[in-house]
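Open the structure in your viewer and follow the stops below. Each one says what to select and what is there.

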Amino acid sequence: MVTGASVGIGAAVARALVQQGLKVVGCARTVGNIEELAAECKSAGYPGTLIPYRCDLSNEEDILAMFSAIRSQHSGVDICINNAGLGRPDSLLSGSTSGWKEMLNVNVLALSICTREAYQSMKERNVDDGHIININSMSGHRVVPQSVTHFYSATKYAVTALTEGLRQELREAQTHIRATCISPGFVETQFAFRLHDKDPEKAAATYEHIKCLQPEDVTEAVIYVLSTPPHVQIGDIQMRPTEQVT
């Protein structure tokens, strides 16, 4: 399962996994993009299958309904890739509570709910070699002097802590399910245009001053993590453009 599979990193990861022969449930609020991607994968003759699913990750009932559907139609989830995330331009001193809640709901709570449900899905089917991958951010490892990203950064620091906590709990449960965090820096996606939705020029400038990572670069990290042997635990991959300073 890949969350936020309609655009950017999520779409690239979903495509790559289908190329590898996996049955992938890709979810997002705008499911039309995933339907188009599924058709492209089919026409390209990829050995796997992409199954579009509409899900509002800010709504727990939607998430639980999705996992229930996956359980009944596809048996369950063996690999959970928590990719969905968003940023709102709400600073700490003057930001809106609604913006903070939106980031918390998607970046932290939805990720945690999907993780819990994916683990339960693996446990009930005795899947002991599953994998949970959190697409994090370099913003989860350092705070840059830009007020519009400070609360977003806090949610990504939470993802860093949640991934390590998950690793510890999986060990305590004596499973061989693995947990990994992938933390990219600037990736050329629609993220900046959503963060600066009232200033498209500023959003475009975000990607113009350096040669950014591409979604496919992050996808290669995901494929690498999934290809490692069972005794290898990749805790965190930090990746940034060679020209990125912070």
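**Tour of the salt bridges**

Select Arg-15 to begin: Arg-15 is partly exposed, at a relative accessible area of 28%. (Buried means under 20% relative accessible area, exposed over 50%, and partly exposed in between, with a 1.4 Å probe and protein chains only.) This is a predicted model, where local features need pLDDT of at least 70, side-chain atom pairs count only at pLDDT 80 or more, and totals for chains, interfaces and linings use all residues. Residues are numbered from 1 along each chain as its sequence is written, and side-chain values use heavy atoms, with hydrogens and water left out.

**Stop 1: Arg-15 and Glu-40**

(A salt bridge is a side-chain nitrogen of Lys or Arg within 4 Å of a carboxyl oxygen of Asp or Glu.) Arg-15 sits in helix α1 (residues 8-19) and Glu-40 in helix α2 (residues 31-43), so the pair ties together parts 25 residues apart in sequence. Glu-40 is partly exposed, at 39%.

**Stop 2: Arg-71 and Glu-124**

Select these two next. Their side chains form a salt bridge at 2.9 Å, N to O. Arg-71 belongs to helix α3 (residues 60-74) and Glu-124 to helix α4 (residues 97-124), so this pair ties together parts 53 residues apart in sequence. Arg-71 is partly exposed, with 36% relative accessible area. Glu-124 is partly exposed too, at 47%.

**Stop 3: a network**

Now select Glu-60, Arg-116 and Glu-117. Salt bridges link these three in a network. Between Glu-117 and Arg-116, the closest N and O atoms are 2.9 Å apart. Is Glu-117 buried or exposed? Glu-117 counts as buried, at 14% relative accessibility. Arg-116 is partly exposed, at 40%.

**Zoom out**

Show the whole protein. The structure holds 8 salt bridges. Colour by secondary structure to find 8 helices and 7 strands. (These are DSSP runs numbered from the N terminus: helices are H or I of at least four residues, strands E of at least two.) Of the 246 residues, 49% count as buried. Along the principal axes, the C-alpha atoms fill a box of roughly 45 × 45 × 35 Å.

Among contacts between residues at least 6 apart in sequence, 70% join residues at least 24 apart.

Methods. Contact = heavy atoms within 4.5 Å.
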